[in-house]
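Please consider the sequence and the three-dimensional structure shown below.

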Amino acid sequence: MARAVLALGEQLQAEATCPLCLELFSEPLITPCGHNFCRGCLQTLLGVPPRPAACPQCRGTIAPGSLRPNRSLGAVAGLAGALEEEAARPRCPTHGEDLWVFCESCRLPLCPLCREEPRHRDHRTRLAQEAARELRETLQSNLVFLQKEKEGFKPKGEEEISALLEKVSSERQQLQDTFGELQQVLQEQEGLLLSQLDRALGDLTKEHQEYESRVSERRSLLDTLVVEIEKKREHPVVEFLMDVGKTLSRIEEAKTPIPEPISLELQRTLQSLSETNQLVVDVVAKFKASLLSRTDRERVKVTLDPGTANPILVLSEDLKTLRLGEQNQHLPDTPGRFTGSPSVLGSPGLSSGRHYWELEGKLRKIRVQLDYEAGWVSFYNAETMEKILHFEASFTEEVFPYFWLWSPENYIQLCD
């Protein structure tokens with residue numbers, strides 16, 4: 001019966017359709033030749049100002065003053081529109097009946113015939129209107145949660161992975177530098193540790209990609225759900241309930257926490273490799289320091305002499321760093337203290353041999369080279385060993401390192 005009514009409705013719509021715009025008649029007018037058209041369509045046809053035109057169906061002449069309203073046809077078009085809206089309502093795909101019951105177990109709208117089927121007979125059901133009202137509230141509350149989740153969705157795992165990637169890459173370079181200096185002695189151990197780091201870096205990259213994929217999927221799911229719920233909440237009751245179960249299931253999926261970005265096993269592996277790497281670096285550093293201290297006889301360990309420092313200067317506790325203070329300090333008035341310039345001497349004094357010391361300023365690292373017997377002092381860029389200045393003199397007394405600071409933005413730090 002429902003299908004027959006729908007078929008009659010389609011025929012009625014065809015009869016109530018304007019042949020020009022192919023839409024249901026709107027304020028239909030009848031021509032002298034007996035054909036009907038929408039008022040707006042005829043106004044377009046006759047033009048401005050109105051002038052006679054040929055009927056689109058029979059080519060008869062249509063004069064502007066010959067048109068009359070066809071109210072009966074307008075009423076029919078209204079009925080056809082109502083039938084069209086009725087036909088557009090979702091119906092049971094099996095029985096063609098209205099879906100006015102909602103199965104809470106299956107989360108699906110049912111028709112009365114579906115409700116009596118064995119698969120739904122023992123399920124809890126309620127009126128579609130009532131279920132839709134409650135579920136709309138549920139979706140609304142979830143929408144607020146999802147919107148806040150979307151706004152604050154900034155996973156911290158990305159920063160952690162980036163730091164670890166940078167750390168592992170840095171340690172790999174550090175290992176290469178260290179083993180390069182002792183290549184023949186440590187070549188086998190270098191290859192072993194680099195291989196382990198490469199595998200760890202590969203595992204970390206793989207887990208990074210997997211985590212990025214999970215984050216991207218969650219972000220996409222949140223975007224989709226927000227748009228879907230905002231759109232769905234405006235739908236009519238039955239259409240709203242058609243796939244609400246699917247939407248609710250996806251909401252639950254969006255609430256599940258994202259897995260940790262790095263597995264515990266990989267974290268332990270990275271920690272172990274980092275400890276091993278640091279152990280190797282420390283051992284080699286001690287070896288280098290010991291070697292240099294025994295072979296580099298020209299280097300002298302210089303410290304700042306606090307008894308000679310101008311009161312405006314601030315010295316570090318280890319007497320290695322020099323800065324300008326904001327005001328003069330209350331210091332003992334010793335004979336060797338500078339008072340006219342922000343200067344300080346270094347210690348020890350030198351009375352023979354070849355010596356050098358290095359210091360760092362705001363701009364670069366400087367090496368000061370002294371040859372007492374040859375009678376010269378040279379200044380070098382300690383990183384490139386490019387000569388900056390060279391002085392020659394005849395030394396007859398003990399020579400002391402001298403430091404002068406001119407700006408609060410600068411500092412001098414003696415190197416070990």
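The following paragraphs treat helices, salt bridges, a pocket, a surface patch and backbone geometry in turn.

The model is predicted; local features need pLDDT of at least 70, side-chain atom pairs count only at pLDDT 80 or more, and totals for chains, interfaces and linings use all residues. Residues are numbered from 1 along each chain as its sequence is written, and side-chain values use heavy atoms, with hydrogens and water left out.

Helices (H or I, at least four residues) and strands (E, at least two) are DSSP runs, numbered from the N terminus. Helix α6 covers residues 128-151. Its 24 residues should span 34 Å at 1.5 Å a residue, and the end C-alpha atoms are 33 Å apart, which agrees. The expected span is 1.5 Å times one less than the number of residues in the helix. Buried residues (under 20% relative accessible area, with exposed meaning over 50% and partly exposed in between, for a 1.4 Å probe and protein chains only) in α6 are Ala128, Ala131, Ala132, Leu135, Leu139, Asn142, Leu143 and Leu146. An α-helix has 3.6 residues a turn, so residues three or four places apart point the same way.

Helix α10, residues 244-255, contains 12 residues. From first to last C-alpha it reaches 17 Å, close to the expected 16 Å. The residues buried in α10 are Val244, Gly245, Thr247, Leu248, Ile251 and Ala254.

A salt bridge is defined as a side-chain nitrogen of Lys or Arg within 4 Å of a carboxyl oxygen of Asp or Glu. Side chains of opposite charge can pair when their charged atoms come close. The whole structure holds 13 salt bridges. In one of them, arginine 250 meets glutamate 228 with an N to O distance of 2.8 Å. Glutamate 228 belongs to helix α8 (residues 183-232) and arginine 250 to helix α10, so this pair ties together parts that are 22 residues apart in sequence. Glutamate 228 is partly exposed, at 21% relative accessibility, and arginine 250 is partly exposed with a relative accessible area of 21%. Threonine 224 also lies in helix α8; its C-alpha atom is separated by 9.9 Å from that of arginine 250, 26 residues apart along the chain.

A further salt bridge joins lysine 255 to glutamate 252, with the closest N and O atoms 4.0 Å apart. Both residues lie in helix α10, 3 residues apart, about one turn of the helix. Lysine 255 is partly exposed at 38% relative accessibility, and glutamate 252 is partly exposed at 47%.

Are arginine 367 and glutamate 358 buried or exposed? Both are buried, and their side chains meet in a salt bridge (2.9 Å, N to O). Arg367 and Glu358 belong to a network of salt bridges that also links Arg299 and Lys365.

Attention now turns to empty space. Rolling a probe the size of a water molecule over the atoms shows where empty space is left. On a 1 Å grid over the protein atoms alone, a pocket is an open set of points where a 1.4 Å probe fits, with protein on both sides within 12 Å along at least five of seven lines; lining residues have an atom within 4 Å of a point. A volume is the space filled by probe spheres set on the points, which are joined across faces, edges and corners. The largest pocket has a volume of about 770 Å³. Of its 26 lining residues, Leu359, Ile366, Val368, Phe379 and Tyr402 are the closest to the centre. Strands β13 (354-360), β14 (365-371), β15 (376-381), β16 and β17 (402-404) each supply at least two residues of the lining.

Strand β16 (residues 386-392) includes leucine 389. Together with Ile388 and Phe391, Leu389 makes a nonpolar surface patch of about 270 Å². Patches are made of residues with over 30% relative accessible area and no salt bridge, like charges being joined within 9 Å and nonpolar side chains (Val, Leu, Ile, Met, Phe, Trp, Tyr) within 5 Å. Accessible areas come from the Shrake-Rupley method with a 1.4 Å probe, and for residues only the protein chains shown count as cover. Leucine 389 is partly exposed, at 44%.

Most residues other than glycine have a negative phi, and most peptide bonds are trans. The peptide bond from valine 48 to proline 49 is cis, with omega near -5 degrees, and another cis bond joins serine 347 and proline 348, with omega about 10 degrees. Proline 348 is in the loop between β12 and β13. Glutamate 27 has a positive phi of about 50 degrees and is exposed, at 53%.
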